[in-house]
Every structure is written in C-alpha cells, then in structure tokens.
Amino acid sequence: MTINAQNRLLPDWFARVRTRQTVLPRFQRFEAWGYGNVTQMFNTILRRLPLGAVLILEIGNEEPFISRPLVGAPTDGERITEHLLDGQQRLTALWRGLHNNYEDRTYFLYLKPDEDSGMPYYVDSVGRWKKQGDIEARPFWANDPVQLWSRRMIPLNLCAPGDEANDRYKTWAKIAIPDADEREAIGELRSKVRETFATFNMPYLSLPVTTSKDTALDVFIKMNTSAAPLSTYDIVVAQVEAAMGQSLHELVGACREACPGMAAYYPPEDLVLYASALLQDKPPTNATYLAKGFGETLLAHWQELLLGVQRTVTFLEEERVFDAKRLPSDVVLPVLTALWARAPQGLDAEGRARTIMRKYLWRAFFSNRYEKSTNSRALSDYLELRAVIASAEAAQPAIFDEAQYPLPQTDELIAARWPTNKDRLGRAILALALHEGGLDLADGSTVSRGNLPRREYHHLFPDAHLTRQGVPDSEIYRSLNCALVTWQTNRNISDKEPERYLAERLEGTPLGEPEVRQRLASHLIPYDEMVTDSYHDFLEQRAKLVREKMLKLCDTGIVV
C-alpha cells in the first residue's frame, strides 16, 4: 500500500466541503473541540505556523463506509471522492468559524496587539444566544457594525477566502468605518489576514482507492492511538540526568505516590514543568523548559513544588472539583500549584490566601480569561495573585477586572452547552452545582472523589420527554439541564417527566418534601419549576440561582 503526501490550500478544502466531495465516515466521533481549541487554531494560522497533515481515503465508485458531511456543511453536492479519516476537528473548526455557522459562538478578528505573539491582531470569540421571540442573536451589539468597530472587532467570516466574503466586508466596512482614510488602512490589514487564510496550506496523506476497508480502519485506529513523539519533558529529564545525576522520572514518581490525586487533574510530568516555570517567574514555554539551568532550578525548589501540589489537590477537593473530565480550565492547576507552594501556612494568613485563590479559581472558570494567550496570562496571574496574597496594598489582578473579563449573564448561562463537550462555561456550571454538595436525588449521598465514577450525566428534564414536547436537541442538551447522579438513579428516572420522578422521591424518603428540596438545592435546582414541568421557566430560574452563587464565589468587591 502506498500513502501519498500532497499539499492543498484552504480554499481548495472549502470547495470540496462545499460540494460534498470531502465527507466523514460515520464512525468518526462528533465535534469534540471547545472554543479555546478553535481560537488557538486560528491564532496559529495567523502566525503562519502549520497545523499538521490530515489523512484521507480516496473513494472510487462505491463508498466503503456510510458517510456524513462535516457539521455545518451542505448535505447535497457532487460525487463523494474522499473520506476524511483524520483531521475532522481542524477542518470542521475552520469551516464553521470562517462561515459563522456556530449557533452559540461568533469568531472575530480583533485589531489589537496579541499578548503572546506580538502580532497586531488576533482571533477571539463571543458567546451568542437567543431568547424566545428573538430574531437576532444576543448580545445585540455583536450584530452592529458600528459597535463592533468601536471595540476594534471584525467578524471573522468577512476575512474568509473568496469573493463573497470580500463583497460582504466592503458593505460592512462602509457602515462600521465612515472615515474613508481609516477604512482604507484597516482594509489593508484585513486583506493581509484574508491572504493568510487564502494561502494557508493544510497538507494531507491519502490512502489510494485500492485500500481495503479493514486496512483503512486499521490505519485510522493507529493514527489516533499510537503517536508518541519525544516530549519536552523527556528532553528535560535527559538534561537533569546529565547535569545533576538525578532522575526526574523518580522524583515525579515519588510525587505521584505522595499525592496520587493530582493525576486525576493534570499529567504530573507536565505540571512540574509548568509550575516550576512560574516559580522561576518565567513563561511556561518550551523555550523556558529547554533553557540552560531550568532543570537545576526545578530540582532546587522541588520540595516547595511538591508542597504546592499537595495543597492544590486539597484545595480543589474542598471546592468539590475532582477531576480533569469536569474541569472547566486546566490552566488553573499550575497557577494554583505555584501559589500554594509559597502561600502562608496556618491561621488568618492562610485563610486570606485561600479566599483570594477561591475567587481566582471561579473567575477563571466563568470568564474567558484563558481562552487565548494562556501562557502569558498564567504567568501574569501568578505574579499578580502572589503580590496580592503578600500585601493587601498590591494592585488588583487583571482576572478580577469585571470590565476586561465580565462574568456571564443569565441568558449566557442558559445557552451553555452540555458539560461533556469541551465547553468551559458548560463545565463551570456543573462544577458550581457540585460545589453545593451534589446530593444524589435518590440515595442522598454527597458527591466525592470516591463515588464520582459511579455517577452519570442526567437530564433533569429527560431528553425523550422534551423531544415529545417538540423541544429541539440544541435546547435539550444545555448544561442547566444536567446533574450528576448515581447510575441507579439515572436508570430509575429514565424518561419520566420531572413531576412523576420527584413524586417517587417523595414516597421514597421518610423526611418528605423538605429532604427532596434539599437534595435539589444541593445542585442549585429549583424545585417548584421542576414539579410544574415548565422547562423554560426551569432554565430561567436555575440560571438565576447559578448566577447568584457564581457572583458570591467570584466577588471581587471585598478588599483582598
């Protein structure tokens, strides 16, 4: 079997997706990328860096697998000529972001300096939602060219390759930028971005049409499970061994034994590099890790690093955040580790540090602070938070600035996606619900690290029940409609309407309604809207409860 390597520009990929020549085999998983992944991808392209090759299977007269189009792509078109075996997330994100067909997100080009790269522009996104009766998505300012330009934002789909995007940009710019000279200058910048997308090469490997079905599946599996390049950590291990005669592998192994809970959140090998860079007041980048002397300094502060890991795990468990699977943002882990490594121990000083770090944790979960420029922002936050912990006179950390990093409004909370997606806000809502205790609706057990594996994602208003009422999937799979319950409770509830399964709970507990209300309240679930079977009222009320608790945990009005 011969695998051919070829180049293909983004406009050519888009032409094939548009005409349905390139499709996905149905066995491919669905979209898995969160908004942060998409944002990082676009900024990688703007820096003219590669995304790596993808893999296709050439198709002859008959498709070997049942296929489906990419999400957001046309369902009709020409004869299918290739199946995309590897690269779905990248190509789907490129297509949807540059065609503005994410239902709950819009990507924009910000004509402001990028913190990480120093580029004069970068890509970021804004959450979108609709209330009943709305024609346009909210926030409404994101639909207004004048208000967008006042924020130096251009819709990213106006920077897409092709004449259609070019024509729409000219119409948009005449409204947004009335001054002709300014419009011309901005048009040149926008043209550079458009040219970057138009000339972006995403190479591919192709399996020939003669490839058997079994072989294609075997290649697909190997491509997705066996890649293991030499990591930066492996290189640092070698450098430490050569310079100091000590095994970093053994130290990290000892860290795993001393604090086994950390592995549930973050790979310890990566954490020690990231947190050590912060403790050295350096950005957590490969350049820092591979610089002369990094490994020796890491060993020098190993004991305080280990202390930081142990205190961080304890802190997260106290906040009822138990694992990476439900973690809204993993950037908080190394920042917290570095902070706890040197935080005061005992009495009021430790209590004050914990209060500051709690506010940091929940603001990181609920704001978009870490959806881009994570390395530079992690270092900045560590330094600013460390200063505030040391002195109440220090300047307020940027992450506490509501103007720069606003917390979501009620409507944004309602629109948040199902928490199994890599969606920060959806997971943040679930984390906040567990913070209240997350009592099981039937057996009353409090959520813990030990019983979490036995819990399942449960639709509070069952999907089958809502489907019968004509509610679309996009509204069913909302984070606010989710609670973690034991698998037995989930099976028992099945597709029953809320009024019915809550009546069963009333019959099953000797304490009656007060106990059932308490169990629901421990998830921030409103009882009255559940028993009246009013889904939209339920979403509104639960969003208010979540926002009220969020504001309390994220409160920065108190002098820290």
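Contact here means heavy atoms within 4.5 Å. With that in hand, let's look around this structure, which is a predicted model. The mean pLDDT of the protein is 90, and 96% of its residues reach 70 or more. One stretch to treat separately is residues 556-560, where the pLDDT is below 50; beyond near neighbours in sequence, that stretch has 9 contacts in the model.

**Helix H14 and helix H16**

- Let's start with a pair of helices: H14 covers residues 332-342 and H16 covers residues 374-390.
- Their axes sit 10 Å apart, and the two helices pack at an angle of about 30°.
- Angles under 35 degrees count as roughly parallel, so H14 is roughly parallel to H16.
- The crossing that H14 makes as it passes H16 is right-handed.
- On the H14 side, the residues that meet H16 are Val335, Ala338, Leu339 and Arg342. On the H16 side, they meet Ala378, Tyr382, Leu385, Arg386 and Ile389.
- Sorted by class, this contact has 7 nonpolar residues, 2 charged ones and no polar ones.

**Helix H14 and helix H15**

- H14 also packs against H15, this time at an angle of about 170° and with the axes 11 Å apart.
- Angles over 145 degrees count as roughly antiparallel, so H14 is roughly antiparallel to H15.
- H14 brings Val332, Val335, Leu336, Leu339 and Trp340 to this contact. H15 meets them with Glu350, Arg354, Met357, Tyr360, Leu361, Ala364 and Phe365.
- By class, the contact of H14 with H15 has 10 nonpolar residues, 2 charged ones and no polar ones.

**Two arginines in helices**

- Arginine 377 belongs to helix H16.
- Is arginine 377 buried or exposed? Its relative accessible area is 6%, so it counts as buried.
- If you skip the neighbours within four places in sequence, arginine 377 is in contact with Glu115, Asn368, Arg369, Tyr370, Lys372 and Tyr405.
- Arginine 354 is in helix H15, which spans residues 347-366.
- Not counting residues up to four places away in sequence, arginine 354 touches Phe315, Glu318 and Trp340. You've met Trp340 already, as one of the H14 residues at the contact with H15.
- Arginine 354 and tryptophan 129 are 225 residues apart along the chain, and their C-alpha atoms are separated by 35 Å.

**Alanine 433**

- Look for alanine 433 in helix H18, residues 424-435.
- Its relative accessibility is 3%, so alanine 433 counts as buried.
- Leaving aside neighbours within four places in sequence, alanine 433 is in contact with Gly438, Ser522, His523, Leu524 and Arg542.

**Serine 479**

- Setting aside neighbours within four places in sequence, serine 479 is in contact with Ala416, Arg417, Trp418, Pro419, Gly426, Ile429, Leu430 and Arg542.
- Arg542 links back to the previous topic, as alanine 433 is in contact with Arg542 too.

Notes: Residues are numbered from 1 along each chain as its sequence is written. This is a predicted model: local features need pLDDT of at least 70, side-chain atom pairs count only at pLDDT 80 or more; totals for chains, interfaces and linings use all residues. Side-chain values use heavy atoms; hydrogens and water are left out. Axes are lines fitted to C-alpha atoms, for helices over the stretch in contact, and angles run from 0 to 180 degrees between N-to-C directions. Helices (H or I, at least four residues) and strands (E, at least two) are DSSP runs, numbered from the N terminus. Angles under 35 degrees count as roughly parallel, over 145 as roughly antiparallel, 65 to 115 as roughly perpendicular and the rest as oblique. A crossing is left-handed if the near helix is turned anticlockwise from the far one by less than a right angle, and right-handed if clockwise. Ala, Val, Leu, Ile, Met, Phe, Trp, Tyr, Cys and Pro count as nonpolar, Asp, Glu, Lys and Arg as charged, and the others, Gly among them, as polar. pLDDT is the predictor's confidence in each residue, from 0 to 100. Buried means under 20% relative accessible area, exposed over 50%, partly exposed in between (1.4 Å probe, protein chains only).
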